[in-house]
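Subject: Structure handover and notes

Hi,

Here is the structure I promised to pass on. Please open it alongside this email so that you can follow the notes residue by residue.

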Amino acid sequence: MACGRYRNRNYLLTQICFLKMPAIKSKVVFIIFFVFVSCSVMGQVSHKKNLTEADYHLWGTLQINTVSAKGDWVSYTNSYENGLDTLFVRNSTATKTFTFPKGRDGRFAKDNWFACLLPEKKLLLADLRTNRQRELPDVVQYAFSNDGRVLVTLNAKQQLNIGKPDGSATDVIESVTGFYLNNGGTAMVYTIAKEKGSLHYCPLDGINEHFKMLANEAGCTFESVLWDAKGNAFSFVKRYPDDSDIRNGRNLNLYRLKEGNYFSFDANNYAEIKKQSTLTDLFWNRFSIAVDGKRVFFYMTDEGEDNFDNPIVQVWNGSAPRTYRQVEVEGSFEKTPKCVVWFPDSGKFRPLTDSHQPKVLLNGDMRFALSYNPAGKRPQFTMLSKTDWYISDIEKGGKKIFLENHVCDMTEIIPSAGGKYIAYRRDNDWWAYEISTGRHFNMTKQLPFSVINDAYDYSGQKPAYGVAGWTANDQQVLLYDEFDLWLVDLNGMKCKRLTMGREKQIEFRLAYGLGVTERISNFDGYVSPLIDLTKVLYLKAKSKVTKQMGYYRWNGREEPVIFADKLINQFGFTKESSNFYCRVQDFDESPSVVCIGKAGALKTVAKTNTQQSNYYWSKARPIDYRNSKNQLLQAVLHYPANYDELKKYPMVVYIYEKRSQYIHDYINPTLYNGGGINITNLTSQGYFVLEPDIEYEMDNVGLYATDCVVSATKAVINMGMIQTDRIALHGHSFGGYEASFIATQTTIFATVIVGASITDAVMWYNSLGWNSGKTEAWRFEDYQSRMSTSFYENKDAYLKNSPIMFADKITAPMLIWTGEADRHVHYFQSVQLYNALRRLGKKEIMLIYPENRHVLTVAKQQADFTHKYEEWLSYYLKGTAPAEWMKKEVN
């Protein structure tokens with residue numbers, strides 16, 4: 001067993017310390033150390049205890065929420081299974097703490113104030129400087145201005161209070177139905193409902209003379225206010241009290257602040273708009289205002305509705321691009337809402353999608369629309385279909401194909417931030433389409449390393465590593481390879497590597513603050529972010545060899561902020577912040593909030609689950625093993641809590657593709673486990689748990705999985721710690737497939753537990769995924785089941801990797817479980833294996849949980865399975881008496 005790359009950290013530290021001592025002194029130190037430790041151990045009585053089910057409720061889950069403007073404060077939540085969650089605010093030196101039981105929606109006003117909502121509509125305000133707190137009653141909505149000087153609240157009496165962060169109101173406005181801040185937090189719009197509905201604008205500068213009424217109308221209310229990205233304009237709709245009023249659902253209004261212009265769109269004035277068509281609700285991802293305020297994008301329903309409830313007959317046309325069930329799930333493209341653009345200055349509008357190209361995304365400056373049909377033109381059996389992509393000038397109209405028969409992968413067709421290009425993946429390169437000229441060109445032909453993930457071992461097309469963003473005016477594009485960030489200048493096509501991860505085997509990716517996503521939503525796709533290389537960037541970092549991870553800063557070259565043998569995530573910072581926060585955990589260290597100061601000093605701000613120190617706890621060790629092909633692979637071995645090296649223990653082998661990357665995950669003990677297994681539960685009950693990485697060969701998935709899992713299991717057996725006749729195998733979903741197949745190939749396991757598993761490859765291949773409506777063939781030909789051809793081109797490959805074909809070879813007693821409502825992997829797959837084993841007279845029990853899907857989601861049934869699972873293991877791996885449910889014919 002080779003553990004050399006992952007020696008225990010404390011062991012390494014001890015060795016280094018001893019090596020530094022002169023030889024003669026090392027003996028003295030060793031003797032003193034030995035005597036001290038021996039006396040200490042003999043004189044001590046361990047006060048630790050075994051973890052039991054009665055203790056599980058003590059464990060909570062940490063979530064970092066937000067960071068104050070200068071980084072002096074952080075807020076985080078500890079969540080518990082009983083719902084008694086607590087919101088905390090703590091300073092960077094961990095010397096001052098505010099506690100808010102059941103607090104939610106917490107926000108800072110710079111570094112001086114914090115507010116959160118409490119039960120019963122209370123708003124709690126805390127002065128972080130003086131510790132003073134104040135509660136405001138009946139608050140239904142609140143916000144701070146961006147500069148932290150203004151607090152706005154709306155209470156249940158429809159009173160809008162505008163004032164200071166301490167809750168003192170300088171202005172109280174009656175009959176307010178809602179208020180809406182712009183993205184910058186510098187101004188707001190609020191709506192009033194009286195005899196006349198009215199709409200008001202208010203800069204958040206504390207000067208009430210700046211308040212302005214923008215519109216009013218008798219007998220209507222103003223609703224659904226949405227701002228543009230820059231805060232220059234906003235839209236709203238009018239609602240009339242009579243539901244039959246033909247204006248309801250058919251009006252949209254725009255106000256542009258700079259020139260004070262107010263524009264109205266009324267669908268009743270357009271003969272080409274069907275009478276029953278209405279505007280859909282103005283959600284942020286289905287609505288947008290161009291930066292110049294001259295184009296507004298929204299959706300309108302088409303006349304009529306789909307009628308799938310009581311058809312006379314279902315017509316399933318085998319030549320149609322989509323199955324009947326897909327149309328049921330996704331909706332008819334003839335009937336789905338259509339995206340339109342409205343030009344407020346001219347009053348014109350134009351549809352951007354139709355039944356032929358029902359999906360759309362916009363280029364970066366919102367002057368061109370890309371439309372496509374995700375179903376393609378014919379039946380397809382891949383995860384993502386191929387289709388023709390069209391581009392149209394939004395103002396002039398007209399439409400032309402710019403990509404033919406191209407895959408509908410929204411991560412691989414990305415408009416540039418400035419609007420000049422569309423980046424797309426072709427073969428093994430990133431290409432760009434220049435909108436103004438119609439020119440296509442290869443952006444990565446000069447790169448010395450691949451931008452495609454060649455290690456991706458699923459069937460189908462290997463994915464690209466991705467586009468990170470674009471610089472100003474689309475002059476340069478930032479791209480990823482396996483390890484690094486690259487800059488490609490589109491004028492001279494010169495490329496420059498910005499990070500040096502390859503030499504260190506560290507993968508670098510751009511990091512964003514809490515709540516910020518790396519992709520910007522763009523209707524049915526995304527648009528690339530704008531990256532300013534003159535400012536400091538932050539990078540997520542992950543070692544592919546050592547499993548270390550953390551964050552770096554980049555300012556011409558990368559420098560570590562925090563990087564360690566831990567799971568480090570939830571990176572919190574602001575533009576003004578001198579401190580950084582992150583959540584740090586390890587397999588035996590509960591998550592904590594760590595602050596990294598300006599000089600790089602680390603300070604633990606908050607620890608969770610400190611009661612763990614009272615209990616025996618597991619340790620996890622990375623190990624190396626080789627399969628029969630002599631490939632060097634990794635695995636994680638979790639030791640029993642209170643491990644005694646003089647004893648041997650039973651072991652559970654848990655599998656699902658590659659698991660070694662989870663070595664640093666801290667796992668709360670709980671009864672409520674969606675996928676069945678809880679490693680902390682098992683190690684506290686005296687089991688080893690092994691999680692091996694699995695390598696695959698195309699068309700040979702089951703046999704390769706067997707080879708790797710058995711090889712890893714034998715490698716651990718050779719370590720001399722395992723009871724060789726008391727080893728269980730467990731897998732869920734694809735891991736369930738692997739476990740059910742492996743059970744047909746080996747007798748090394750005393751029992752096998754299979755959850756929501758694929759058991760019959762041929763039946764599964766020709767089934768429908770009832771969640772999606774797609775034929776499941778794509779899972780084989782273009783995904784996880786890793787087949788290079790269709791079943792009809794290579795039947796032997798499918799048959800030899802199908803567990804049901806070898807059910808007669810199974811010798812281990814099997815526990816099968818599934819959710820009756822599972823349509824991701826239909827529970828009939830589990831029933832098939834059950835019936836096969838029943839016919840063969842094998843030992844088995846199947847558990848079917850009503851109301852549950854692919855994972856268990858109902859708490860009482862999660863707890864029931866955890867109990868049954870652990871009782872099953874106890875019987876087969878520890879020799880305890882069988883539980884009553886195992887004896888009954890029917891439960």
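Below are the notes on strands, surface, cysteines and charged pairs.

First, the ground rules. This is a predicted model, with local features needing pLDDT of at least 70 and side-chain atom pairs counting only at pLDDT 80 or more, while totals for chains, interfaces and linings use all residues. Residues are numbered from 1 along each chain as its sequence is written, and side-chain values use heavy atoms, with hydrogens and water left out.

**Strands β17 to β20**

Helices (H or I, at least four residues) and strands (E, at least two) are DSSP runs numbered from the N terminus, and two strands pair if DSSP finds at least two bridges between them. With that in place, an open sheet of four strands runs in the order β17-β18-β19-β20, with antiparallel pairing. The edges are taken by β17 (221-227) and β20 (261-266); each has a single partner strand, so one side of each is left without a neighbour in the sheet. From one strand to the next the twist averages 25 degrees (axes are lines fitted to C-alpha atoms, for helices over the stretch in contact, and angles run from 0 to 180 degrees between N-to-C directions). Within this sheet, β18 (residues 233-239) and β19 (residues 251-256) are joined by four antiparallel bridges. S235 has L254 in β19 as its bridge partner.

**β22 and its partners**

Strand β21 (residues 288-289) is joined to β22 by two bridges, and I289 stands opposite V296. Six residues lie between the strands of this hairpin, where G293 takes a positive phi near 75 degrees. Strand β23 (residues 338-343) is joined to β22 by five bridges, again antiparallel; here Y299 has C339 as its bridge partner.

How many residues of β22 are buried? Five of its five are, where buried means under 20% relative accessible area, exposed over 50%, and partly exposed in between (1.4 Å probe, protein chains only). In a regular strand the side chains alternate between the two faces of the sheet. In β22 both faces are covered, with V296, F298 and M300 buried on one side and F297 and Y299 buried on the other.

The loop between β22 (296-300) and α3 (324-330) holds I312, which is exposed at 89% relative accessible area. Together with V313 and V315, I312 makes a nonpolar surface patch of about 380 Å². Patches are made of residues with over 30% relative accessible area and no salt bridge, joining like charges within 9 Å and nonpolar side chains (Val, Leu, Ile, Met, Phe, Trp, Tyr) within 5 Å. The areas come from the Shrake-Rupley method with a 1.4 Å probe, and for residues only the protein chains shown count as cover.

**The β7-β8 hairpin**

Strands β7 (residues 122-127) and β8 (residues 133-136) pair in the antiparallel sense over four bridges, with L123 partnered by L136 in β8. Five residues lie between these strands, and N131 takes a positive phi near 75 degrees.

**Cysteines**

With a disulfide taken as a pair of cysteine sulfur atoms within 2.5 Å, the count comes to zero.

**Salt bridges**

A salt bridge here is a side-chain nitrogen of Lys or Arg within 4 Å of a carboxyl oxygen of Asp or Glu. Searching the whole structure gives 38 salt bridges, and here are some of them:

- D105 and R107 meet at 3.0 Å, N to O; D105 is partly exposed at 34% relative accessibility, and R107 is partly exposed at 30%.
- D127 pairs with R129, with the closest N and O atoms 3.2 Å apart; D127 is buried at 2% relative accessibility.
- K868 pairs with D864, with the closest N and O atoms 2.8 Å apart. The two are four residues apart in helix α11 (residues 859-878), so about one helical turn separates K868 and D864. K868 counts as buried at 15% relative accessibility, while D864 counts as partly exposed at 26%.
- E217, K238, D245 and R247 are linked in a network of salt bridges.
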